[in-house]
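Keep the structure open while reading.

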Amino acid sequence: MTPEETQALWSQQYEAVVARMNAGAGVGLANPADLAGLTGMQQMQAMLDGKLPYPHIADTLDFSLVEIGEGRAVFQGQPQLKHYNPLGSVHGGWYATLLDSALGCAVHTVMPVGRAYTTAELGVNIVRAASFKSGPLRAIGTVLHAGRQLATAEARIVGPDGKLYAHATTTCLVFEVPSK
């Protein structure tokens, strides 16, 4: 596929996913009772299906989850002028948040019922400047290890032409969800 065809496919997929999520639960916080008894993968699928709300940060920073698989999560975003720093480039926090979302959600897909995680370490490397003219970018997160206490993952932000914009790694602390 050409970069133009890839960009068109990505845009179509993004619009369909965002429309489905907004037509369903929309933006918000999931009720813990709605998450009870679900694996991480089931929770992520319910969000993609619009049955559970998606987080406010995705709306704030103009990105969305677009695909999941076992140990994998793909987010798509497009830098906007409102994401720029005072130096006139995309703020590093935009890259970091997009990458952290892909990393964390990849880990989330491998969580069994009653287990959760939190980011303990995040390392980000920005290797190419993005701008509001860059078009859509995708952060693809993949789990490297998922154990009883720790999980690790890596992610990359790429453009439709395959060019790398940033990459990251994470270590997540895995724990039992406290019962109330």
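## Packing of α3

The buried residues of α3 pack against α1, α2, β1 and α5. The model is predicted. Helix α3 is mostly covered, with 7 of its 9 residues buried. These are Gly40, Met41, Gln43, Met44, Ala46, Met47 and Leu48.

Just after α3 comes Gly50, with a positive phi of about 85°.

## The nonpolar core

The largest nonpolar core holds 38 residues. Leu65, Phe75, Leu98, Val107 and Ile157 have the most contacts inside it. Two or more residues each come from α1 (3-23), α3 (40-48), β1 (63-69), β2 (72-77), α5 (92-108), β4 (137-146), β5 (150-158) and β6 (164-176). Helix α5 gives the largest share, 9 residues. In soluble globular proteins, nonpolar side chains tend to be buried together.

Setting aside residues up to four places away in sequence, Leu98 touches Phe63, Phe75, Ala139 and Ile157.

## Aromatic pairs

How many aromatic pairs does a search of the whole structure find? The count is 3. One of them joins Phe63 and Phe75 in an edge-to-face arrangement. An angle over 60 degrees is what makes the pair edge-to-face. Phe63 sits in strand β1 and Phe75 in strand β2, so the pair ties together parts that are 12 residues apart in sequence. Phe63 and Phe75 are both buried.

Tyr84 and Phe132 form another aromatic pair, this one tilted. The centres are 6.2 Å apart, with 50° between the planes. Tyr84 is in the loop between β2 and α5, and Phe132 is in the loop between β3 and β4. The pair thus links distant parts of the chain, 48 residues apart. Tyr84 is partly exposed, at 21% relative accessible area. Phe132 is also partly exposed, at 37%.

## Pro79 and its loop

Pro79 lies in the loop between β2 and α5. Is Pro79 buried or exposed? Pro79 counts as buried because its relative accessibility is 0%, and buried means under 20%.

The C-alpha atoms of Pro79 and Phe132 are separated by 4.9 Å, although the two residues are 53 apart along the chain. Beyond its neighbours within four places in sequence, Pro79 contacts Val90, Trp94, Ala130, Ser131, Phe132, Gly135 and Leu137.

## The largest pocket

The largest pocket has a volume of about 1,000 Å³. Its lining counts 41 residues. Closest to the pocket centre are Ala30, Leu35, Gln43, His108 and Tyr117. Gln43 is also among the buried residues of α3.

Which elements give two or more residues to the lining of the largest pocket? They are α2 (32-35), α3, α4 (56-60), β1, α5 and β3 (115-126). By class, the lining has 26 nonpolar, 12 polar and 3 charged residues.

## Ala153 in β5

Ala153 lies in strand β5. At 0% relative accessibility, Ala153 is buried.

Thr118 lies in strand β3. Thr118 is partly exposed, at 38% relative accessible area. Not counting residues up to four places away in sequence, Thr118 touches Thr171, Cys172, Leu173 and Phe175. Gly92 is 26 residues from Thr118 along the chain, and their C-alpha atoms are separated by 21 Å.

Asp62 is found in the loop between α4 and β1. Its phi is near 60°, a positive value in a residue other than glycine. Asp62 is partly exposed, with a relative accessible area of 22%.

Definitions and conventions
Residues are numbered from 1 along each chain as its sequence is written. This is a predicted model: local features need pLDDT of at least 70, side-chain atom pairs count only at pLDDT 80 or more; totals for chains, interfaces and linings use all residues. Side-chain values use heavy atoms; hydrogens and water are left out. A nonpolar core is a set of buried Ala, Val, Leu, Ile, Met, Phe, Trp, Tyr and Cys residues joined through side-chain atoms within 4.5 Å. Buried means under 20% relative accessible area, exposed over 50%, partly exposed in between (1.4 Å probe, protein chains only). Helices (H or I, at least four residues) and strands (E, at least two) are DSSP runs, numbered from the N terminus. Contact means heavy atoms within 4.5 Å. On a 1 Å grid over the protein atoms alone, a cavity is a set of points where a 1.4 Å probe fits but cannot get out, and a pocket is an open set with protein on both sides within 12 Å along at least five of seven lines; lining residues have an atom within 4 Å of a point. Grid points are joined across faces, edges and corners, and a volume is the space filled by probe spheres set on the points. Ala, Val, Leu, Ile, Met, Phe, Trp, Tyr, Cys and Pro count as nonpolar, Asp, Glu, Lys and Arg as charged, and the others, Gly among them, as polar. Rings of Phe, Tyr and Trp (its six-membered ring) pair if their centres lie within 6.5 Å; planes under 30 degrees apart count as stacked, over 60 as edge-to-face and the rest as tilted.
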